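Work through the exercises below with the structure open. Each task is followed by a solution in steps.

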Amino acid sequence: MTSASVVGGSGFTGGEMLRLVAGHPEFEVAQATSREYANKTVGSVHPNLRGLDLRFVAPDDLESVDVLFVCTPHGVTMEHIEEYRDLAETVVDLSADFRLPDADLYDTWYDGHVAPEHLADAEYALPELNRENLAGADLIASGGCNATSTILGLKPLVDTGILTPDDQVVVDVKVGSSEGGAGGGAASSHPERSGVVRPYAPTSHRHEAEIEAYLGLQVSFTVHAVDMVRGSAATCHVYPESMPETKDLWGAYRETYDEEPFVRLVAGGSGVYRYPEPKAVAGSNHAEVGFERDERNDRVVAFSAIDNMMKGSAGQALHAANVALGFEETAGLEFTGLHPVGSP
Amino acid sequence: MTSASVVGGSGFTGGEMLRLVAGHPEFEVAQATSREYANKTVGSVHPNLRGLDLRFVAPDDLESVDVLFVCTPHGVTMEHIEEYRDLAETVVDLSADFRLPDADLYDTWYDGHVAPEHLADAEYALPELNRENLAGADLIASGGCNATSTILGLKPLVDTGILTPDDQVVVDVKVGSSEGGAGGGAASSHPERSGVVRPYAPTSHRHEAEIEAYLGLQVSFTVHAVDMVRGSAATCHVYPESMPETKDLWGAYRETYDEEPFVRLVAGGSGVYRYPEPKAVAGSNHAEVGFERDERNDRVVAFSAIDNMMKGSAGQALHAANVALGFEETAGLEFTGLHPVGSP
Amino acid sequence: MTSASVVGGSGFTGGEMLRLVAGHPEFEVAQATSREYANKTVGSVHPNLRGLDLRFVAPDDLESVDVLFVCTPHGVTMEHIEEYRDLAETVVDLSADFRLPDADLYDTWYDGHVAPEHLADAEYALPELNRENLAGADLIASGGCNATSTILGLKPLVDTGILTPDDQVVVDVKVGSSEGGAGGGAASSHPERSGVVRPYAPTSHRHEAEIEAYLGLQVSFTVHAVDMVRGSAATCHVYPESMPETKDLWGAYRETYDEEPFVRLVAGGSGVYRYPEPKAVAGSNHAEVGFERDERNDRVVAFSAIDNMMKGSAGQALHAANVALGFEETAGLEFTGLHPVGSP
Amino acid sequence: MTSASVVGGSGFTGGEMLRLVAGHPEFEVAQATSREYANKTVGSVHPNLRGLDLRFVAPDDLESVDVLFVCTPHGVTMEHIEEYRDLAETVVDLSADFRLPDADLYDTWYDGHVAPEHLADAEYALPELNRENLAGADLIASGGCNATSTILGLKPLVDTGILTPDDQVVVDVKVGSSEGGAGGGAASSHPERSGVVRPYAPTSHRHEAEIEAYLGLQVSFTVHAVDMVRGSAATCHVYPESMPETKDLWGAYRETYDEEPFVRLVAGGSGVYRYPEPKAVAGSNHAEVGFERDERNDRVVAFSAIDNMMKGSAGQALHAANVALGFEETAGLEFTGLHPVGSP
Amino acid sequence: MTECIQCGADIDLHDDLEVGEIVDCGTCGAELEVTDVDPVTLEEAPELAEDWGE
Amino acid sequence: MTECIQCGADIDLHDDLEVGEIVDCGTCGAELEVTDVDPVTLEEAPELAEDWGE
Ligand SMILES: NC(=O)c1ccc[n+]([C@@H]2O[C@H](COP(=O)([O-])OP(=O)(O)OC[C@H]3O[C@@H](n4cnc5c(N)ncnc54)[C@H](OP(=O)(O)O)[C@@H]3O)[C@@H](O)[C@H]2O)c1
Ligand SMILES: NC(=O)c1ccc[n+]([C@@H]2O[C@H](COP(=O)([O-])OP(=O)(O)OC[C@H]3O[C@@H](n4cnc5c(N)ncnc54)[C@H](OP(=O)(O)O)[C@@H]3O)[C@@H](O)[C@H]2O)c1
Ligand SMILES: NC(=O)c1ccc[n+]([C@@H]2O[C@H](COP(=O)([O-])OP(=O)(O)OC[C@H]3O[C@@H](n4cnc5c(N)ncnc54)[C@H](OP(=O)(O)O)[C@@H]3O)[C@@H](O)[C@H]2O)c1
Ligand SMILES: NC(=O)c1ccc[n+]([C@@H]2O[C@H](COP(=O)([O-])OP(=O)(O)OC[C@H]3O[C@@H](n4cnc5c(N)ncnc54)[C@H](OP(=O)(O)O)[C@@H]3O)[C@@H](O)[C@H]2O)c1
Ligand SMILES: [Zn+2]
Ligand SMILES: [Zn+2]
């Protein structure tokens, strides 16, 4: 068995990471850190993990391990990266600290970087984008949730040249409350956060940087909080130089994703679920992507939906670790989601 | 007192219309029709109206009245328009039947029109757009909910020339389940409709026609169902020829709406509610509009939020009737909404 | 006009109080306090009050006024009662500080009382229970929300002797998240509080004391948090000595509430809303009460539903103030609620 | 591999059954029936099963199979039971048709029974109650969801004699919208069903019969619809002859459930999740049970929470089938649920 | 195996196909009408104007 | 009455204004710093980098 520990195990992505690792055929959970809940059972924070016989340890008590999943807020990993890499052969970071290729970008979009010398070692986790470089990687940077949904929705259009860097792209994203992490504040209290359609990042969302870095496209990005806990749904309004036919679009999406175990095409058809939606993938590592042509406006609308806790963070991280370590790609990620399901 | 009856009183907008008319200082409710619930009390369908001593009548039993509010599905008013205008001096129609200026547009966007000779008589209800023509109007066409939120969000930009017909506009709308009316189907059952972000009109939504007719702009329109009952929130991604300054935007919005009793500007500031959101106006006839500049992408994002049952239908209809009949504009529409409030 | 100020105006009940007072024909708002938001506009905290031209003041800046509504956490009013009574002829307290008739009870259920000499002056606000003593009262104690729903549901059974103190009563209450006030904590963050059925006070809820004091009944009380923002719904399982007939029950409820402007009987019938439910009264000062007989188990199930922000706090307080000051009882409380409405 | 087919595969429990069987290491899915969706893909109805390469067949096209899971409304199985038992060695019925031990009870609680001669063959599925008789059973009757939550909550008290048939028991249940099945009606449309606390079965719920049959207790049962999709939470208010100590209660619950793979005790402790709640088990086959003592009222409050789609139907059915066929009890039921999760 | 005329995916058709029957593509969900069975020919089915909420 | 430097609306200021005080505009909500009191001069307040959920 491969041992794995989780830094930030009391947080939302940390809890999800623990659940996935504990259910994985090749991994065994070693440790989970929490400063606030040190010595308490993992189940006292994550009720679904009550069956797990594990207590949180303080970060200082971390021991050597095969794989370290780091699920802390932005800034923590870069500060501790030497220590983490000493502790583990493979470090998978879920924060933004090693996602961007270039220290300059951290100056522009974040508050700079304190360990830029490790940036070149890091591989972006999204296997649909970067599978070839992930095999054997020892520093893996799991992508941002909204960047992930956006990239997956647009990638076929970029790959096939339907969409080029000169074309106009608006990405209007709708996200669930778990994106804010376990901390929360006044705006994420239940009375204030229920039932909202709230423009929480009208402009200048940091994931624009990631999208530009990995898709080569500058996009106009706006993020809304809506009433769900899990989910990131990207609606990409795209104006290609020349309008593709429906079958070209199908061709593009099928070519890009036909072999992908975690991407489903959903574009029209009958029934209630005709386009990608987050509740159809909630709890699973799947992404749904699809599109519609708007003849009248020479527009293609590309839709993409993921669970931010899974494909948008912990699931993506595990998927990338599977690739890095040579495990079955889908190992530990078989859960297909639920139907019916409310607002998961 | 002015007498008023409601056709389609058992529906969602019909119930709202009854509530508003019953609480209005100048109106008294005469009749409310329902085929399905004829002879039942209005309160058996609308629990908030249990205090109203009224039973539904069959449409055939409609009597003469001063004002007739028609709250039926598309197609019914056009078929009965002669009869309705015979019954009442003033007919206010909440359906799409008399919204578009031109019979041709009904061929393009709907299934044609059976009483095109009345189209010229109809005035579009939105007072912020058409106040001067509403005074004394005897056929009033209340606007579509998503068209209303969109028009209100973009109007200041159009009025001041910041936005011109050549500019690119994406309108990404999020709506509540009451837009579907009381009928509902499989897709609007609670298990299927809870917690969704569902592209329900990816392209070709009929309200595009209304927006083009009254704003003079062709917009790329996409509508998503989200988990709320009331609300239409329009996010308008706009690329003006030349980027306005923040104070130009404030100037434009203030100029357009400073005197408007039902439009509030919300653009930034502190606290939880920094931009327009539907839950801040739910239950009220208010619209919130606001904007944010996106320097990086030469984009202005305009936000607009209304309650589709109020400003988006029954409230707008009453507001227009107030103008038409010379009543105080805000009469019967004083309710300011609730805080906190969940997903109203 | 009668002037009124609100202490704790930035809180949930304080905001509701401000909304009601501002819309009341006889009152005008003087001041609203907040320590945290002093000098900010009321609308920056309560978006529905953006139209109100008022800024918070620090509690120390409170000036003399006709009526003072105190909306602070338990313990604050008792500490400041002398000051408050000096400032205003009429003090209406929404906290628990003056609800119980007896200082001893504060030792048992709370942490004692620091101003017990004022207890005898206080009148319990619920007009359905205490109307005769409220006229002219100068210290009014608005009831607890769950106590209110329970008392209203059971009162007819007690009044008519169907239920006696020896009978078994289980009260199983379901409440919305606004009961917790604007403060909130981890348990009331959106991700943790959404979609719950959570036993938050399995036993020993303090409102048992109020119910016993004013209904003369010891009840077994359990409170659950459910996914709504506003509402308190009490299901009272009652085992009378001898089972009443349906018409006796109707008789009891009608006798008690026939003249009450804010209590509606809902017990069976057709349609979707057959028994009391919070969403049918949300936003309004109405209570719905009703019952069902359970022949097989010799049980009567009494249901009661209110909006905790209205009938359960600010609405009740205003209703009592109306009675105390000789205003129309329903003044400022005419709003009837909405249909359809989500989870208000 | 053991082959399994699902009758009523387009319904809610049928979809869940398909998901579980498809993910089970010992089963392979043979057929799924639907009259309405015959020839359509299973994924067009259940979006989480888009990966399943299967189309619905008409019920008449059912072929022989090892195990038949029947997920149809009440009345269908009894009518077809001969046919079903001819088709399969093992029939697992999720409806109420074979749950009660006695044809008389079907006269009292349902509309009689058309195949009473099979009743004696049927075993009640709940393994915690009936494990010994399930091994080798060929007709298995999966329990009612609310009966299951109630039975699991009370069983330890009954087993240890703390609770006897003479004692008073009130069971107040809160359930999600998926209990109504995929059909739905006006009351389960999203606008009407959102945010409710609605007494949907105030008295005389049919599950009383099941509880009495298998627990030997008459209970006063009331069921409320609340705003979630999955979940049944039973709050059992119990008045034992003599009040047990806390440690007696822990003893009782631990004795009953210590070896049970799917029952977790949750009674107090720290954190947000201190008592059983449906969202902590949603998506999983787990039940949470717990209790609190109410000294003042000589009452024990027992809580129990399950996912009605899993432990309350499809999960329970599969668990029983595992026992019947000698498979690992937990096979195919390993999913532990999610955290955070909204209103699943 | 027949190719879907909308998305190009292979459609797995059942045996006793009849002319006039409507089949849906498992990939894109398109509703297709069988216009011939030997060889199988598919055309886009007439829009069913199915109502889909709102 | 002083004009808001962000939105141009009139700001209703209280009497005992002090230099360094932060006031917010009732219209646009901008946080403004009082840099002089006679006459009243307002500048944009330094960004408080307030966290706002998510
Ligand atoms: N939520 C999402 O949807 C999502 C998606 C993609 C990526 N991410 C990224 O994942 C990371 C974690 O997000 P989250 O949502 O899980 O946040 P979270 O719920 O707030 O959890 C943060 C965790 O980090 C721990 N922590 C905080 N500061 C620490 C420090 N200085 N040293 C050690 N541990 C520390 C916290 O535990 P203690 O305070 O108890 O130590 C907690 O366990 C973030 O970088 C976020 O950007 C999140
Ligand atoms: N919902 C919104 O947000 C919204 C917003 C703006 C505009 N509108 C427009 O308002 C109109 C009503 O919408 P709604 O949401 O209120 O719909 P709804 O809830 O379905 O109500 C429709 C009403 O019309 C009645 N009706 C249906 N067919 C009729 C006929 N042939 N003759 C007479 N009465 C008939 C129905 O009652 P019986 O069947 O009992 O007679 C019912 O009372 C629609 O045209 C809609 O486009 C709706
Ligand atoms: N929520 C309900 O459903 C409900 C129902 C019935 C009764 N009540 C009672 O109503 C009262 C208020 O409840 P809530 O829900 O409105 O609470 P809340 O939202 O937490 O508001 C409390 C208010 O009190 C102010 N405050 C706190 N401590 C203070 C102090 N020491 N001096 C002056 N002001 C202080 C706070 O503002 P600053 O901190 O800015 O000063 C805030 O405005 C409580 O006693 C509660 O039991 C509530
Ligand atoms: N929902 C729950 O929480 C729950 C819990 C425990 C037990 N149960 C029981 O499980 C059973 C199914 O419930 P559900 O919620 O899954 O209901 P549902 O969603 O309404 O599904 C019913 C299914 O049965 C099929 N069906 C209906 N009538 C049929 C007939 N005459 N012959 C063959 N197929 C027929 C329907 O498909 P077509 O119409 O397309 O053929 C559909 O697939 C019920 O007996 C229910 O009491 C449900
Ligand atoms: Zn296809
Ligand atoms: Zn300003």
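## Exercise 1: the shell around ligand 1

At least three residues of the shell around ligand 1 come from domain 1 (2-121) of chain A, and at least three from domain 2 (145-306) of chain A; domain bounds are from an automatic or database domain assignment. This is a predicted model, in which local features need pLDDT of at least 70 and side-chain atom pairs pLDDT 80 or more, while totals for chains, interfaces and linings use all residues. Residues are numbered from 1 along each chain as its sequence is written, chains are lettered from A and ligands numbered from 1 in the order in which they are written, and side-chain values use heavy atoms, with hydrogens and water left out.

Solution. 
1. Start with the residues near the ligand (a heavy atom within 4 Å). There are 28 around ligand 1, and A:S10, A:T13, A:S34, A:T72 and A:A182 come nearest.
2. Sort the shell by class. It has 9 nonpolar, 15 polar and 4 charged residues, where Gly counts as polar.
3. Look for helices (DSSP runs of H or I, at least four residues; strands are E runs of at least two). Both α1 (12-22) and α11 (310-325) of chain A give at least two residues to the shell around ligand 1.
4. List polar contacts (pairs of N or O atoms within 3.5 Å; within protein, one must be able to donate a hydrogen and the other to accept it, and residues adjacent in sequence count only if both atoms are side-chain atoms). Oxygen atoms of ligand 1 are involved in a contact of 2.6 Å with the side chain of A:S34, and in one of 2.8 Å with a polar side-chain atom of A:N308.
5. Finish with the area (Shrake-Rupley method, 1.4 Å probe). Ligand 1 alone exposes 880 Å², and the protein buries 83% of that.

## Exercise 2: ligand 2 in chain B

Task: which residues come nearest to ligand 2, and how much of its accessible area does the protein cover?

Solution. 
1. Of the 28 residues around ligand 2, the nearest are B:S10, B:S34, B:R35, B:T72 and B:A182.
2. The side chain of B:S10 has an N or O atom 2.7 Å from an oxygen atom of ligand 2. For a polar backbone atom of B:G11 the distance to a ligand 2 oxygen is 2.9 Å.
3. On its own ligand 2 has 890 Å² of accessible area, of which the protein covers 83%.

## Exercise 3: ligand 3 in chain C

Task: find polar contacts of ligand 3 and the classes of its shell.

Solution. 
1. An oxygen atom of ligand 3 lies 2.7 Å from a polar backbone atom of C:A182. A polar side-chain atom of C:T13 is 2.8 Å from a ligand 3 oxygen.
2. The shell of ligand 3 consists of 9 nonpolar, 14 polar and 4 charged residues.

## Exercise 4: the zinc ion (ligand 5)

Task: why is the arrangement around the zinc ion (ligand 5) called tetrahedral?

Solution. 
1. Identify the donors (N, O and S atoms within 2.8 Å of the metal, or 3.2 Å for Na, K and Ca). The SG atoms of E:C4, E:C7, E:C25 and E:C28 lie 2.3 to 2.4 Å from the zinc ion (ligand 5).
2. Check the angles. The arrangement is tetrahedral because the 4 donor atoms subtend angles of 106 to 113°; the term requires four donors with all angles between 85 and 135 degrees.
3. Read the spacing along the chain, which is C-x2-C-x17-C-x2-C.

Key. Tetrahedral: all angles 85-135°; square planar, octahedral: opposite > 155°, others 65-115°.
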